[in-house]
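Let's take a friendly walk through a structure with more than one part. Keep the sequence and the picture open beside you as you read.

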Amino acid sequence: MPQVIEVCPVDELKPGDMRLVEWEDLEIGVFNCAGTVYAIEDRCSHDDGPLVEGTLDEENCTIECPRHGSLFDLKTGKPKTLPAYVPVDTYPVIIEDQTIKLEVE
Amino acid sequence: MAVELTENQQLAAINADYEERYGFRDAENYLYKAPKGLTREIVEKISEFKSEPQWMREFRLKALDHFLARPQPTWGSPLMAEVDYDDIHYFVRASEKAGRSWDEVPEDVKRTFDRLGIPEAERKFLAGVGAQYESEVVYHQVREDLEKQGVIFVDMDSGLREHEDIVREYFATVIPPNDNKLAALNSAVWSGGSFVYVPEGVHVEMPLQAYFRINTENMGQFERTLIIAEPGSYVHYVEGCTAPTYSSSSLHSAVVELIAKPGARIRYTTVQNWSTNVFNLVTKRAVAHEDATVEWVDCNLGSRLTMKYPSVYLIGERAHGEILSIAFAGKGQHQDAGGKIIHAAPNTTSNIFAKSISKDGGRGSYRGLLEIAKGAHGARSKVVCDALLLDEHSRSDTYPTIRIGEDDVNVGHEATVSKVGEDQLFYLMSHGIPEDEASKLIVNGFIEPVTKELPMEYAVEMNRLIELQMEGSIG
């Protein structure tokens, strides 16, 4: 069953900001990319690197894994460069009552 | 009356027969040579020298940060501890610009090339010649028919200048700058290498060849090669490496990226014969899309330490990857070679054939990875690694890793280690073949499955090099 969880008030995650959200056994990276918020699994599919500790490219909407440099598309979760080749999960983001929320399962 | 030589005279005498003993070594003659060690200023200087766009300058500086932040790898070989990054010149410029014709190439550079036989080789069957003298390609010619076909074969610096859009789209997408410490180093200071672009459906009939040389003491060579084969195209790229011997260590750290689009085929052949003081730490990786084929033919003879594992990511259905590897480890050498294949799509196929020969206390290692990802059903792979030990003091190691995440696959792995046996030698000698000849025959038979895949010229050179390595192996 999908469930909605709260992340934080909208003004706490400014453009260029990112943060880790833990829910049950999930670790999710939430990113504000030039005003649009995205959420993806916080685990590089190549070597489990923590993506929220990587470099956010707001222009291309990608996050670079700090471990071996794979770039992930924040919109789709797909890797744009090797060595990762498996997409990571993405989570729908809901902005409601000035609050960032995620739909998780 | 015998004259006693001073210490300096004795030292000079050691180098007097340098040419005869080690090949050749031209006097150093450069326009610019960076001081030893790696700093932000040097990286900026390289970028400035090359008049690069801002994005490449930023790419280099970011890579430098990755390089400095990463610890030196401790796996692989204890010889890695000998690499001293502060004792290396990171950029040397031999001449003002890449020569367009043979006449424009400076005389001293030409002499070196003459000894390598490049002009002759070119007349015979080169499709184009790119010769890397120090850090920059000084001579590069593309045959007219290649240009007519729309094939781009230039040095990487020219590639960036003349085809920036293509380079920017693909550069570092196969090997990101922080993939590993050496890739980060190359990304920060790269210079030269080849840029090859083959348009859709074009078959390049002749192999494209580039020769690489190092000729400055303690000079790192950091070439960067990017090959893009558009759908249905074919290209064979050949690189041969030689270097004169020096007394202190040099570092060679290349990055090679191959992209084979759907139905394309890329073959990349290397004959590596660095002098035995060179650390050869190279990252080579290919990506093969649907129905594409990538083949690495990798021969490692020289260097003090080689750590090189060409890899193929089979990311499209029915893609095929092939790695053929020969390593010859003589006295004081460690050849840590192998290959990696990642099956990331269904019905992909691959073969790895690795052969290593160890002699006079040399160490040959096979290090390989075969990975079959979940969902890559119907994948088939065969890994064969054979080692031949020529004496009691030499060493062979095998580090095969196989990860399988799918049930419906077919994977085979064979490994053998053998010694040149007395009975084999006795059998050949009883047919009137002298012992050293017999030993060469056994070694040539052992590597034949790989040498037969080399272009004729290289197969001849390989056999000759192996024979040289084998000299004095008996008794």
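## Chain A

For a chain of 105 residues, a compact globule would have a radius of gyration near 13 Å, and chain A agrees because its own value is 13 Å. This radius is taken over C-alpha atoms, and the globule rule is 2.2 Å times the number of residues to the power 0.38. Along its principal axes, the C-alpha trace of chain A spans about 40 × 30 × 20 Å.

This is a predicted model, in which local features need pLDDT of at least 70 and side-chain atom pairs count only at pLDDT 80 or more, while totals for chains, interfaces and linings use all residues. Residues are numbered from 1 along each chain as its sequence is written, and chains are lettered from A and ligands numbered from 1 in the order in which they are written.

Chain A has zero helices and ten strands. Helices (H or I, at least four residues) and strands (E, at least two) are DSSP runs, numbered from the N terminus. Along the sequence the pattern is β-β-β-β-β-β-β-β-β-β. Of the 105 residues in chain A, 36% are buried. A residue is buried if 20 or more other C-beta atoms lie within 10 Å of its own, exposed if 12 or fewer, and partly exposed in between, with C-beta atoms placed from the backbone.

Chain B has 13 helices and 23 strands, and 49% of its 475 residues count as buried. Two residues are in contact if their C-beta atoms, placed from the backbone, lie within 7 Å. Among contacts in chain B between residues at least 6 apart in sequence, 82% join residues at least 24 apart; for chain A the figure is 41%.

How many residues of chain B are in contact with chain A? Twelve residues of chain B meet eight residues of chain A. On the chain B side there are eight nonpolar, two polar and two charged residues. Here Ala, Val, Leu, Ile, Met, Phe, Trp, Tyr, Cys and Pro count as nonpolar, Asp, Glu, Lys and Arg as charged, and the others, Gly among them, as polar.

## A buried helix and its partner

Look now at helix α10 (residues 181-189) of chain B, which packs with helix α4 (residues 54-69) of chain B at an angle of about 150°, their axes 7 Å apart. That makes α4(B) roughly antiparallel to α10(B), a word used for angles over 145 degrees. Axes are lines fitted to C-alpha atoms, for helices over the stretch in contact, and angles run from 0 to 180 degrees between N-to-C directions.

Among the residues that meet are F59(B) and L64(B) in α4(B), and L185(B) and A188(B) in α10(B). The contact of α4(B) with α10(B) has seven nonpolar, two polar and two charged residues.

Eight of the nine residues of α10(B) are buried, so this helix is largely enclosed by the rest of the structure. What covers the buried residues includes α3 (40-49), α4 and β8 (224-229) of chain B.

## A buried loop residue

Find V174(B) in the loop between α9 (164-170) and α10 of chain B. V174(B) is buried because 24 other C-beta atoms lie within 10 Å. Leaving aside neighbours within four places in sequence, V174(B) is in contact with L82(A), E257(B), I259(B), R285(B) and V287(B). V174(B) and I259(B) are 85 residues apart along the chain, yet their C-alpha atoms are separated by 7.9 Å.

Terms used. Parallel < 35°, antiparallel > 145°, perpendicular 65-115°, else oblique.
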